[in-house]
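Trainee: I have a model to go through and would like to take it contact by contact. Could we start once it is on the screen?

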Amino acid sequence: MTMALHGLGVSRGVSLGVAHIAQRHHLDIAQRTIQEDQIENEVQRFRGAVFGARTELRETRNRIPRSTPAEILEFIDAHVLMLEDGTLTEPPIQLIRELACNAEWALEVQRNRLAAVFDDMDDPYIASRMDDVDQVVARIQRQLATPTASSDGERSDYDGIVLIADDIAPADLTLLHHEGLAGLITEFGGPLSHTAILARSLKIPAAMGVRHARQLFREGEAVIVDGERGIVMADAPKTVQTYYRKRARAFRAQQRDLIKLRSKPAQTRCGTRIRLDANIDLVDDLKDVRQGGADGIGLYRTEYLFLNRADPPSEDEQFETYAEVIAAMGGAPVTIRTIDVGADKPLQGRGPRSGVPINPAMGLRAIRLCLQDLNLFRPQLRAIVRAAAVGPVRMLVPMLSTPQELFQVRNLLKATLRDLKRDGFAVPDHVPLGGMIEVPAAAIAATTFAKYLDFLSIGTNDLIQYTLAIDRIDDQVSHLYDPVHPAILKLIQGVFDAGLRSGTEVTMCGEMAGDPQYTRLLLGLGLRSFSMHPGHLLEVKQAVTETDIDALKDHTRRLMRASNPLRIGAILREMNEL
Ligand code: PEP
Ligand code: MG
């Protein structure tokens, strides 16, 4: 029976795939009795799933880019070994034969036996390896589930697996992407969460905030994810599937059409040249940056290099990765943001203190953490400064809230330049230093920050979160997340004015900069440098080329005076229709 649920569309595109339900607990697997004459078929089904899991992992390993941390490769190798060694995979075969039970159940029984053995281990490290067993078991279970959708012989029509989870960490999403994840449905999470931003960057159609999705969908059934409208469907009739396939094709055609704009300058009708940079999370994003014709990298979120691993990357590893990005940009500026970990991107082993009800978004994250842990921060500073010898690099500091933090970073940067010169590295005399304006205090005191920094970059994702007190990862309040709230517009305007007064460049790298419905408004307010997800560059460029900034004055003035959201919405629409 067809079922449709509604959530928040967070990553555009449509995916028609096969549901895989991420099970937090192992209670959902049911025991079934297999007919005597089907037992050997069941054994073969199990063997096929183990084989499929192994092939999948090997292919993942081959596809993984060179820049991937060594720990991830070791982690994949360990899982392959587990699939090759019979401890996990032989006993279920015996159980299928002895109990005439289904393969899923037999595997679960063996998993529980191993869990009991691990539980008895005194060594906490060895005991923690049960997580690996669970991941391998989940992989085999996924394989066992997959044939259901192929039974109608139309498996080739599906884009791949659609993961249905309660929530998923950005670090896990990068791993699943390497495995070819086709779509994502989560029960919790909002469009500004880092998982959503990453899904957009990885082009995985996604819907979030789809409550009870894990109970309502069945493993292996055909699902549709409409990542634009947030609609997800199971067992949709042929007509609906055809509609969505058409929409997917139209979306691709529209994207292809925009390619024409790639080599055109981002210039308004009145002749103002606008800078359009790209945000990147991973080195892999560079192909989209080229596709989008970016002027440079306005935000390189380096924290993704630090996730999914036990130890941070060394100075050399960081240098090589940054140098790869800089070389690929062929002389265009690259803005490297120092690590912004914490909140929804925790470093392994450094989550919030357990048992204490704290808000991690307001806790020890980003520059606060770096200044407290110089062993983590110094290698990154050295790597960034060394990379500045390869091409034009700017360094960007996240989450500044006091000038003292800025002074500390400036001193550390100066000391790093001095040390590297002393050590014989050919480094430039100066690395431009910028600050993210994403905490209301920094926006209000923007004049002070502008005085001491080479550039300011407005991070609207956090600025809106902190100003409106709306958790960016909470879908329950995401309807209140409003980039054109009068308070936000006043803060943004204040930062632009501070930049103008002190002659400091102001750019914007939050999601608002990549949303074409705000392009004219931001141009009207004075923004001349935007940085966004590369997939949005051409749409924003289109909006730029269709705009006459002089004609926006009256609308901008009225919009800044309005306090009623309906009125603001109406003026924005008028502005976009000019
Ligand atoms: C922001 O907060 O707007 C921003 C660009 O940084 P991030 O999304 O990584 O927090
Ligand atoms: Mg931020």
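Trainee: Leaving aside neighbours within four places in sequence, which residues is E42 in contact with?

Mentor: This is a predicted model, in which local features need pLDDT of at least 70 and side-chain atom pairs count only at pLDDT 80 or more, while totals for chains, interfaces and linings use all residues. Residues are numbered from 1 along each chain as its sequence is written, chains are lettered from A and ligands numbered from 1 in the order in which they are written, and side-chain values use heavy atoms, with hydrogens and water left out. E42 has its place in helix α1 (residues 39-63); helices are DSSP runs of H or I with at least four residues, strands are runs of E with at least two, and both are numbered from the N terminus. With contact meaning heavy atoms within 4.5 Å, the partners of E42 beyond those neighbours are I34, I96, C101, N102, A103 and E104.

Trainee: Is E42 buried or exposed?

Mentor: Buried means under 20% relative accessible area, exposed over 50%, and partly exposed in between, with a 1.4 Å probe and protein chains only. E42 has 8% relative accessibility, so E42 counts as buried.

Trainee: Which residues coordinate the magnesium ion (ligand 2)?

Mentor: Donors are N, O and S atoms within 2.8 Å of the metal (3.2 Å for Na, K and Ca); water is not among the atoms, so sites may look incomplete. At 2.0 to 2.1 Å, the magnesium ion is coordinated by E438 (OE) and D462 (OD).

Trainee: How many residues apart in sequence are the parts that E438 and D462 tie together?

Mentor: E438 lies in the loop between β13 (433-437) and α18 (440-444). D462 belongs to helix α20 (residues 460-468), so the pair ties together parts whose separation in sequence is 24 residues.

Trainee: What is the relative accessible area of D462?

Mentor: E438 counts as buried at 2% relative accessibility. D462 is buried too, and its relative accessible area is 2%.

Trainee: How far apart in space are I437 and I458, C-alpha to C-alpha?

Mentor: I437 lies in strand β13 and counts as buried, at 0% relative accessibility. Not counting residues up to four places away in sequence, I437 touches several residues, including F449, I458 and V495. I437 and I458 are 21 residues apart in sequence, and their C-alpha to C-alpha distance is 4.6 Å.
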